[in-house]
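Please take the tour below with the structure open in your viewer, selecting each group of residues as it is named.

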2 protein chains.
Amino acid sequence: MTNVSAESAVLSSARDSSVSARALNVAIVGFGTVGSSVARILSERSPAGLRLTHIFNRKVERKRVDWLPESVRWTDDIGDVLAAEVDVVVEVIGGLDPAADWVRRAIKSGKSVVTANKQLIARHGPELLRLAAENNQHLTFGASVAGGIPVISGLQEGLAGDELVQLCGILNGTCNYILTRIQSAGISFDEALREAQKLGFAEANPSEDVDGLDARAKLTILARTGLRVSADPNEILARSISAIEPVDFEYAKLLDCTIRQISRAEKTSDTLFASVQPTLVHASSPLAAVEGGQNLVMSTGKFGGETVFAGHGAGGNPTAVAIVSDLISIAQSPTRNGAAVSDAAVPLPVSFDFISRHYLRFFVKDEPGIIAALATIFCRSGINIDSVFQKPGYPKSRLPFVITLEPCKTSLVEEALQHISKLDFLVQPCLNLPILD
Amino acid sequence: MTNVSAESAVLSSARDSSVSARALNVAIVGFGTVGSSVARILSERSPAGLRLTHIFNRKVERKRVDWLPESVRWTDDIGDVLAAEVDVVVEVIGGLDPAADWVRRAIKSGKSVVTANKQLIARHGPELLRLAAENNQHLTFGASVAGGIPVISGLQEGLAGDELVQLCGILNGTCNYILTRIQSAGISFDEALREAQKLGFAEANPSEDVDGLDARAKLTILARTGLRVSADPNEILARSISAIEPVDFEYAKLLDCTIRQISRAEKTSDTLFASVQPTLVHASSPLAAVEGGQNLVMSTGKFGGETVFAGHGAGGNPTAVAIVSDLISIAQSPTRNGAAVSDAAVPLPVSFDFISRHYLRFFVKDEPGIIAALATIFCRSGINIDSVFQKPGYPKSRLPFVITLEPCKTSLVEEALQHISKLDFLVQPCLNLPILD
C-alpha cells in the first residue's frame, strides 16, 4: 500500500467521521398529513444529528407554515432537493409514479431514503435496496407497514434470532373500521363505507383498501422482512370485504367468532401460502379485539412462538414516528454498514391454498331438498360438513343459512362451489370465508 | 499527520474490517435452560458472523451435550473464557454475584456482553454501559425484560422517533399464571402457588416473583430505555399478590374488571410515578386478555399513542431468541458506534402516588354501622365513595364487601386506611388495589 492511498483512506475515514459528527440534512418530499407531522416532530423534539433543510411539494406556497425555522428551503422543484447537500430524503408522496423515479435519483445522487410508500417497497423493494447498497446509502421503510407500530424493526432486528414461519395480521385500518361498524351498528357495507369516507378514513375510490390491495402490498413487505421470502404482490390472493353483511356477524357470533380482514403468510420449504381476505377469527384471539382503525401483527417463530405487535396503523403522527425512528437510526450510523445490506429473501411460488375450516353463507329461495343437494356435492368432493346453522326470522325468498366445513384445502371448496353456483335455489353467490384456528 | 500514524490508522481500520469479516467468537456463561437454548439456536440456525467457541458452567462435565461441534471448549474456569479470544460473552448465570464482577472483567478484557440478567441491568446498568462505552464494547440486554418479546429494541429503536410518557405491562409470568389460576379455578393463592411450583413456573422461594421484585427490576430497565428516566429499583413500590383471594375476582367481575400484577411508570416533568402491584384492569383492556405465563407491554407516546408488544415473557427458547437477536445485531456492527453510546436517562425522584380509582376489599364481623363508620373516615379525608358492593352468601363472622373510591391520590387512601385499621369490626387488613382506567 502506498502512502498516497493510505492517506486518502485516512482522509475518507476522517470525512466519514465528520459526517457522523455533523447533523444530517433532511428533505421532506411531500408535505401532506404525514410530511407535516414529520416536520412537527423534528422541530419539537430536535433529535440529535438531524436538521430539516428542505421541503418539497407541488404548489408549495400554499403549504408554507410559520412554525418551522426560516432556514428551511421550500421548493416545488424536485431538482432542487436532488441537487442540494441533502443527506436523507423522506419520501411521503406515495404511489409509484414519480416516487420510484425520484427515489432512484435520490439514491444515485448519494442520498439515503426513508419512505412510507408500501406500493413502492412491495413492487420495487429488492431493486431499490440493491441500488442503495451499491451507492452506500440507506433505504428504510419502517413506516410502510402498520404506521406507528415498530413491526418492521421488530421482525428484522428484535426477532432476528428466531426463524419465523408465519405472519398474520390486520394491516388495513379502513377495512377494520368498516367491519367493526357493520358488526356494532348492524349497518350495511355501503353505509359503513360512506361513514368511513365522511370521517376521512376511506378514499373516494376505496378499492385499494376494501379490495385488499393495500394490505397485500404490506403483507408482501412483511413476508420479505419476517419470513425472508420474496413474492410478487400480484400473485397474492386479495378478496374484497364488500360482500360481508350484518347477518354474517350474527352467524359468526354463533360460532364464537367475529370477522376481520386478515392478511396471512406461511412459509413452507417450497411454497409461500399467502392471502388477504375477510376471515372468521375466534372471539378470544387478539385479532378479534382489534377495533376501529387499529392494526395488529402476530408472528410465529420456530423458537420464540407467537409475538404480537399492535397499535395505530395509520394517521399522520404514528406514521411520522416510524419515519423519525428510521431517521434517528440513520443518524446513529450514517456510514452504511455492509453487513446490514443482506437482503436474503428467497423467491418462492405463492399459493392461496391454505388448509382451513370454511364458513359458507348462502342466500336461497326456500324449498325442500336444499341441504341434501349441497351435501351431495360436498360429499362428492370429499369435503366434510362440520355444522349447519339457520336462524329463524328471515324471508323465505332470501333465506340466509350457513354451513361450516371441516379443515380442507380452499381450492377443493372453490371447486365444489363451482358446481353449487349452478343450483337454481341460490339467490346470490355463496360467500366463502376461511376460519382461522 | 505523519505517514506512520496514517498507516497505523489504516491498519487499525483494516483490522476492524477483518473483525467484521470473520465470525465473532461467542462464549456462553451458564449452561442452564436459557444457555442451552442459545447453543441450540446457534447450532441449528448458524447465523452469519457468529461462532460458538466456549461454554462455561460450574461442574461442567455433567452439562456436556453431544449435539455441539467438537471444537466447542467446555470449562468450569471463568478465567479460561476471559483469557480466550472470545468476542462476545453471553451471561446467563443470573443474580448479582459473581455476574457483576464477571461482566466487568469481560468488558475490560475487550469483550462485548449480551445478558439476560434483569437484576444486574436494573442495579448496575448505567455503570456497566459506561464501562462498555469506554472499552468500545457492546453491552446489550434485550433478553432481560419480557423474554422473547422484542420490547427493548422496540422502545429504543422502533419508537425512538416518539416521546414516550407512559409504560404499563405484565412483566412477570409467574404472577400472571397464579392470578389467572385463582380467577379460573377459584383456588386460593397458596394452592395456585403450589401448582405453579409443581409445574416449574415458580421457584421454591417465590418472593422475587410474587412480591414484585422481579417485575420491579424489569420496570426499572423499561423506564430507562423507554422513558429515559433512571431510577433506583428499591425506590419503586412493589406489592405482593399474595393477599388476593378468589372473592376479589368475583367483585372485580361486578366492576367489569379482572386483576393482574401491573407494572406502571409515568413520567412527568419532575417525577417518575412507578409501581408494581396487583391492579384491577378493565375486561376490555389487552392486559386483561393476558393469560398464563404470557407478558405484555404497552407504551404511550406523545405522537404515536399506544403501542402493544406481547408474547412469551419467559422460557428457554423465547429468552434465547432475544439473546441471539442481540448477538446478530452485534455481528452486524461489531465496531461499536459512538452515537449508540448515548444513555441519556435523566434521574428523577420516584413516587408511587398515582391518582386513580381504588378498590378496597374488607373482611368484617358483621354489625350495624360499618358503612357509616367507613364513610365518615373517607369523608374526613375528602375522598368520595364511588360504589359499594356486598354479595350475599358469606358468613357473618368474615363478611367480605367492597368499596370503590373516585379518583384520588393513593397516599390519601393509605392515610384513611391507617385510621380504618383501628376499627374493631375488621377481621383482617383492608386490601387496597388501584383501578387502571
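Begin with the lining of the largest cavity, whose residues divide into ten nonpolar, no polar and one charged (Ala, Val, Leu, Ile, Met, Phe, Trp, Tyr, Cys and Pro count as nonpolar, Asp, Glu, Lys and Arg as charged, and the others, Gly among them, as polar). To display this lining, select B:Val29, B:Ile78, B:Val81, B:Leu82, B:Val89, B:Glu91, B:Ile93, B:Trp102, B:Val103, B:Ala106 and B:Val113; a cavity is a set of points on a 1 Å grid over the protein atoms alone where a 1.4 Å probe fits but cannot get out, and lining residues have an atom within 4 Å of a point. The largest cavity holds about 60 Å³ of space, a volume being the space filled by probe spheres set on the points, which are joined across faces, edges and corners.

This is a predicted model, in which local features need pLDDT of at least 70 and side-chain atom pairs count only at pLDDT 80 or more, while totals for chains, interfaces and linings use all residues. Residues are numbered from 1 along each chain as its sequence is written, chains are lettered from A in the order in which they are written, and side-chain values use heavy atoms, with hydrogens and water left out.

Finally, show both chains: a rotation of 180 degrees with 0.0 Å of shift along its axis superposes chain B on chain A, with an RMSD of 0.0 Å (by least squares on the C-alpha atoms of residues with pLDDT of at least 70 in both). That is the relation of a two-fold axis, and in chain B the C-alpha nearest the axis belongs to B:Phe309, 2.4 Å from it.

Terms used:
1 Å grid on protein atoms, 1.4 Å probe; cavity = no way out; pocket = protein on both sides within 12 Å on 5 of 7 lines; lining within 4 Å.
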